[in-house]
Amino acid sequence: MKKVLCFSFLFLLFVTISYTYSSFTNRIVGNIVATSNNWSFKVNVENGSVENDYYKVPITNSSGQVNITINTSQSNNRAEYTIELTGYNLPSDIAYYKDSNYTNVIDNNIYKGIINKNTGKTITIYYKSSSAINGYLYIKVKGNVYTKELAMMKNIYGSIIGNYESKIKSLVFTGDMSNKPETCTDAKKCWDISYDSNQDVKVYAYLIGTCLYIASENIIAAPIDSSYLFGYSKLESIEFNDYFDTSKVTLMNHMFSYCSTITSLDLSGFNTSQVTNMGSMFYKCSSLTSLDLSSFDTSKVTKMASMFEMCSSLTELNLSNFDTSKVTTMNHMFGQCEQLENLELGTFSTISTYDFNYMFQYCYKVRTTITISTSTIITNSEIYMFTSAATDSNALVTINYTSAASSVVDKIMKYVSSNSNVVKGKQL
């Protein structure tokens, strides 16, 4: 007991807050900034004013949304958070949802989640009523350090997603197992998918209707080999809910390949610091319209061949944060991204790359600048990097280069399609 009291005293000693609140142990309430020696948890609600330990947000019309930003910058730990929703002068039938289609209701007006360390996340709460709204929404946010061990799952490609491909439309990672069958059998479409049959905390997959739930008491760790994990499916949505940890993954090749019915993916919680292979990761995600990869760490990746090939609905892609200094293969990387217009590559390095074949093939509309810094090419192979690329009247690709890459760029330019707007830029 003395040790517990001593720890509580030390924790409080390190805590600084910018707003007052009613009670505190290691739990954070309301619009506050709390810091300790290993944790920083910040909350902000858009258009909200602070009253005591909650945000007060005026809401009108019969439906709308409120954005809540949670930030754990400078933290060494994940944080659990709870968003409690109450109100004043609101219709009795008002309901709160996780999605803009008003289908995924927030049970008991309490939204729970987990956020990784050093992460910023915006949670959007949608509300709807059958009558006009003219009142206030009260939002209270609580958070505390998440210290549980990860529960690793095995790769279910082929065994579950493959066998039930035509039936699974959505996939949800969750810590809520209230709808899980009491016993798991094939007949009940429930399976123990724990990576190790002897691990203390189990991971389960169970199919209810067209939704496959991946559930565990603790945050679920993706398998080290996550290749094809969600691939070749008919999935229309995946909800990771900050309950899917990828920090141990080394292989993500084909992870979402042939997910041709998914229109958007929220990968903001992905930790890719150990990944070495991203080849064909989004291959033929032909309905994907947007993709935010700003959180990706690609410093160990060596393969990006066909990574975005046939993502034919993508119109823009920002890879300015990508570290590609170890990438050897980029062939077909953006091939057949027919609608891709704005491609931001930033300091995209090609120092280790030896295969550019068909990298931008059929990227008719692309506008970008790339710097070629490699001096290596595949022996006895021509480089058709820009076959039928940048042929649209508004397209433009500029190739800058280092002196070591001068001969490589000359060879690339030799095989540029005659009607392509691809130009040799400057030597850097």
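Student: Which residue holds the closest cysteine sulfur to that of Cys259?
Tutor: First, this is a predicted model, where local features need pLDDT of at least 70, side-chain atom pairs count only at pLDDT 80 or more, and totals for chains, interfaces and linings use all residues. Residues are numbered from 1 along each chain as its sequence is written, and side-chain values use heavy atoms, leaving out hydrogens and water. The gap is 5.2 Å, too far for a bond, since a disulfide is a pair of cysteine sulfur atoms within 2.5 Å. The partner you asked about is Cys285.

Student: Is Cys259 buried or exposed?
Tutor: Buried means under 20% relative accessible area, exposed over 50%, and partly exposed in between, using a 1.4 Å probe and protein chains only. Cys259 has a value of 1%, so this residue is buried.

Student: Which residue forms a disulfide with Cys184?
Tutor: The count in this model comes to 1 disulfide. The sulfur atom of Cys184 lies 1.9 Å from that of its partner. Cys184 itself is partly exposed at 28%, and the partner is Cys190.

Student: How many residues are in the largest nonpolar core?
Tutor: A nonpolar core is a set of buried Ala, Val, Leu, Ile, Met, Phe, Trp, Tyr and Cys residues joined through side-chain atoms within 4.5 Å. Phe230, Phe256, Phe282, Phe308 and Phe334 touch the most other members here. Elements giving two or more residues to this core include strand E11 (170-174) and helix H2 (406-414), where helices (H or I, at least four residues) and strands (E, at least two) are DSSP runs numbered from the N terminus.

Student: In which strand is Ala151 found?
Tutor: Ala151 is buried at 1% relative accessibility. Its contacts (heavy atoms within 4.5 Å) include Val201, Val203 and Ile220, not counting residues up to four places away in sequence. Its C-alpha atom is 6.6 Å from that of Lys202, 51 residues apart along the chain. Ala151 belongs to residues 151-152, strand E10.
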